[in-house]
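Here's a protein model to look through together. Have the sequence and the 3D view ready, and we'll take it a piece at a time.

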Amino acid sequence: MGLKVVLPYLLVCYLFFYCKWVKGSRKLSKEEDLELDEQLKRLNKPAVKTIKTKYGDIYDCVDFYKQPAFDHPLLKNHNFHLEMRSASIPRRVSSKKKVPKLDFNLVNVGLEGGGCPVGTVPIRRTTKDDLIRAKIYSKMHASKINPLADDKPGTHYAVAQTKQNINYDGVGAELNVWNIPVQDSQYTSGRIKIRNGAESIEAGWTVNPGLYGDNRTHLYIYTNAGQSHCFNAQCGYVHISREMPLDMVLGPVSSYGGKQYGMTLSIVKDKDNWLLRWDDPPINLGFWASHLFTKLGNTATQAEWGGEVFGPPHVPLPGMGSGHLLRINTKYDAFCGRAHIVVNNTIINPPKDLALLFDFYDVDNRNVGGAPGYLIFYGGSGGAIGN
């Protein structure tokens with residue numbers, strides 16, 4: 001068995017037995033415990049205010065300049081500031097044909113009481129268990145950068161992907177949000193993604209009990225920058241919104257055949273940074289400085305929309321999207337609506353020849369006319385035994 005097969009398999013096995021470890025059946029060594037304590041000191045900064053959500057998550061309102069992102073060696077001598085705004089919001093191309101409005105309600109966003117005081121940003125308080133989970137899941141996520149590869153066991157996709165190798169300045173879509181059952185060693189996600197070579201940024205919703213310690217639906221990002229591979233704010237992502245934390249619980253969620261709830265996300269190049277935007281209502285959540293990357297720092301060459309799941313080998317896979325077979329219907333399926341790319345600061349439709357990549361799940365794209373007018377469905381019931 002080749003090394004490329006052995007290493008991911010060992011990582012998956014480690015992840016599979018991790019849950020018992022983090023629940024206390026394995027004690028940390030003194031050295032491991034001390035190392036985690038040092039990391040916690042770096043991550044949990046002095047708080048101006050503390051907010052506890054109805055879900056039990058604790059967010060510390062930390063001075064913008066003291067947030068963990070600025071401990072990154074590439075951001076030590078920065079000139080960023082809290083009131084950074086997009087220099088130029090991408091314009092939409094006018095269309096003779098009106099794009100049908102998708103029938104969904106926006107998820108509730110923002111922290112209670114108006115969020116954090118001016119000059120601070122909400123940072124989720126980190127525990128030792130959080131550090132252990134984040135480390136394991138970040139390594140596992142980094143081990144499967146190439147989709148649908150035989151040597152990346154446990155990870156499965158249903159995505160629409162651009163094929164033209166041109167320069168992209170952004171990606172975005174309206175995503176309805178779901179919550180479907182997964183086991184502790186699994187996750188299910190819906191996201192948008194932009195990449196250049198092996199480097200990438202993705203953002204969306206996920207149910208990931210191994211990462212968050214619960215079975216709720218969370219907003220998440222994943223950064224793959226050179227040798228750094230991290231969920232959420234561990235790889236130099238700078239948060240700027242004081243009302244909306246990065247990894248917040250999303251709710252209400254969509255129901256199969258019933259009310260649909262969702263969000264509108266985009267990742268857009270703004271001067272020297274990649275900006276994460278919540279587009280309705282318009283809020284700049286945060287950004288990635290271009291010098292965190294090599295190729296992706298200049299431009300992106302590929303955009304992607306769809307779903308992803310993970311499950312250990314020889315265990316029934318979780319559902320994706322709504323958790324049901326596709327019906328090509330926005331009341332029943334997970335979707336990326338009004339999917340678009342940004343080229344030369346202009347929001348346009350993706351190329352017509354999108355590549356559809358899937359295995360145990362399904363993905364379908366429809367051009368409903370107008371600009372942007374792409375509607376991408378993805379999902380499946382799970383239950384298959386993956387490699």
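## Starting with one cysteine

Let's begin at C61, which is buried, with a relative accessible area of 0%. Here "buried" means under 20% relative accessible area, while exposed means over 50% and partly exposed lies in between, using a 1.4 Å probe and protein chains only. C116 counts as buried too, at 1% relative accessibility.

Before going further, a quick word on the ground rules. This is a predicted model, where local features need pLDDT of at least 70 and side-chain atom pairs count only at pLDDT 80 or more, while totals for chains, interfaces and linings use all residues. Residues are numbered from 1 along each chain as its sequence is written, and side-chain values use heavy atoms, with hydrogens and water left out.

## The disulfides

What do C61 and C116 form? They make a disulfide, with their sulfur atoms 2.1 Å apart. A disulfide is a covalent bond between the sulfur atoms of two cysteines; the rule used here is a pair of cysteine sulfur atoms within 2.5 Å. The angle about the S-S bond of C61 and C116 is -80°, and the link is left-handed. This pair ties together distant parts of the chain, 55 residues apart: C61 sits in strand β2 (residues 58-63), and C116 sits in the loop between β4 (105-106) and β5 (120-124). Strands, by the way, are DSSP runs of E with at least two residues, numbered from the N terminus.

By the sulfur rule, the count comes to two disulfides. The other pair to look at is C230 and C235, with sulfur atoms 1.9 Å apart. The torsion about their S-S bond is about 60°, so the disulfide of C230 and C235 is right-handed. Both of these cysteines are buried. If you number the bonded cysteines of the protein chain in sequence order, the pairing reads 1-2, 3-4.

## A seven-stranded sheet

Now find the open sheet: seven strands in the order β11-β10-β9-β8-β16-β6-β19, with antiparallel pairing. Two strands pair if DSSP finds at least two bridges between them. At the edges you'll see β11 (228-231) and β19 (355-358), each pairing on one side only. Neighbouring strands in this sheet are turned by 15° against each other on average, direction ignored; the axes are lines fitted to C-alpha atoms, and angles run from 0 to 180 degrees between N-to-C directions.

Which residue is the bridge partner of R191 in β9? That's G204.

Technical notes
Helix = DSSP H or I, 4+ residues; strand = E, 2+ residues; numbered from the N terminus.
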